[in-house]
Amino acid sequence: MTTPGFPPNTLDDEGFPLWISGLEDDDPNHCVHVVKGLEPAEALEVLGAKPRLFQACELPDHRPARMSLPRAALGDAMRDSSTALLAGRIGEWTFVYDDFGATEDVAALSADGRIAAMSYFSINADASLMYCADGEELLWINVDDLVLETDLADMPDDLRAAFEAAGTVAFDHLDPGEADFAVCMRAVSALAGVYTLDDLRRIPLLATPFG
């Protein structure tokens, strides 16, 4: 499965980027933050994580059943925490993967002239994207209401390019008129330039328990 901005073998059968579906547990209720111009440790701290709990992370080769890959990597450190966060930087963009959808402060990530976005997907297939700049929310997108053919024109340039890369095609698994619940995850991945788990394994990663 491909879209204009995703090469072959970078999306799963439902259109989600493979790096995200490779990190998630069996019943994903998660979100992905991306921010331009902020280091991973700084992004984690802005989201409320405690620096004393940060640790360098190497992702396991295989994900255990009923467990996200970051949670598996943290092991005993997750004993008293409900959420695992994983952060890394590719080029100008930092991503933070939250395996429980517990972090929300996207506007704070975008303070001091930065750009940030967050894509959320719940176990009930609630899918959305928030886009912020310079500490303010500029756009909130609910996938159920998204019509890319008309909505693209009102998006900021970089977000418009990300959604164009994410693709506007109808995937085979979707019924006519059914929402493409993966499109926002593809858009934040396109913003940050992250596509596969191999992309993550080539860079330094930080993980931390949260909550």
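How many salt bridges does the structure hold? The structure holds nine (a salt bridge is a side-chain nitrogen of Lys or Arg within 4 Å of a carboxyl oxygen of Asp or Glu). This is a predicted model: local features need pLDDT of at least 70, side-chain atom pairs count only at pLDDT 80 or more, and totals for chains, interfaces and linings use all residues. Residues are numbered from 1 along each chain as its sequence is written, and side-chain values use heavy atoms, with hydrogens and water left out.

**Sheet and helices**

- Eight strands form an open, antiparallel sheet in the order 2-8-3-4-1-5-6-7. Helices (H or I, at least four residues) and strands (E, at least two) are DSSP runs, numbered from the N terminus. Two strands pair if DSSP finds at least two bridges between them.
- Strand 2 (55–56) and strand 7 (136–142) are the edge strands, each pairing on one side only.
- Strand 6 (residues 127–133) runs antiparallel to strand 7, and six bridges join them. Tyr131 has Leu139 in strand 7 as its bridge partner.
- Helix 6 lies across strand 5 (115–121), strand 6 and strand 7. Helix 6 runs at about 150° to strand 6. Axes are lines fitted to C-alpha atoms, for helices over the stretch in contact (heavy atoms within 4.5 Å). Angles run from 0 to 180 degrees between N-to-C directions.
- Helix 7 lies across strand 1 (30–36), strand 3 (83–90), strand 4 (93–98), strand 5 and strand 6. Helix 7 runs at about 150° to strand 5.

- Side chains of opposite charge can pair when their charged atoms come close.
- Glu92 forms a salt bridge with Lys36, with the closest N and O atoms 3.8 Å apart. Glu92 sits in the loop between strand 3 and strand 4 and Lys36 in strand 1, so the pair ties together parts that are 56 residues apart in sequence. Lys36 counts as partly exposed, at 32% relative accessibility. Buried means under 20% relative accessible area, exposed over 50%, and partly exposed in between (1.4 Å probe, protein chains only).
- Glu39 and Arg89 meet through their side chains in a salt bridge of 2.6 Å, N to O. This pair links distant parts of the chain, 50 residues apart: Glu39 is in the loop between strand 1 and helix 2 (40–46), and Arg89 is in strand 3. Glu39 is partly exposed at 38%, and Arg89 is partly exposed at 25%.
- Asp99 and Arg71 meet in a side-chain salt bridge of 3.2 Å, N to O. Asp99 lies in the loop between strand 4 and helix 4 (106–109) and Arg71 in helix 3 (residues 69–74), so the pair ties together parts 28 residues apart in sequence. Asp99 is buried at 6%, whereas Arg71 is partly exposed at 21%.

**Aromatic pairs**

- A pair of aromatic rings is described by the distance of the centres and the angle of the planes.
- The whole structure has three aromatic pairs. Rings of Phe, Tyr and Trp (its six-membered ring) pair if their centres lie within 6.5 Å; planes under 30 degrees apart count as stacked, over 60 as edge-to-face and the rest as tilted.
- One of them is Phe6 with Tyr195, edge-to-face at 5.0 Å centre to centre and 85° between the planes. Phe6 lies in the segment before helix 1 (18–23) and Tyr195 in the loop between helix 7 and helix 8 (197–201), so the pair ties together parts 189 residues apart in sequence. Phe6 is buried at 2%, and Tyr195 is partly exposed at 22%.
- Trp19 and Phe95 also pair edge-to-face, at 5.2 Å centre to centre and 65° between the planes. Trp19 is in helix 1 and Phe95 in strand 4, so the pair ties together parts 76 residues apart in sequence. Trp19 is buried at 1%, and Phe95 is buried at 0%.

**Loop residues**

- Asp180 lies in the loop between helix 6 (157–166) and helix 7 (183–192). Asp180 is buried, at 13% relative accessibility. Its side chain makes a polar contact with the side chain of Arg186 at 2.7 Å. A polar contact is a pair of N or O atoms within 3.5 Å; within protein, one must be able to donate a hydrogen and the other to accept it, and residues adjacent in sequence count only if both atoms are side-chain atoms.
- Arg63 is in the loop between strand 2 and helix 3. Arg63 is partly exposed at 31%.
- The side chain of Arg63 reaches the backbone oxygen of Glu24 at 2.9 Å. A polar contact of 3.0 Å joins the side chains of Arg63 and Asp26.
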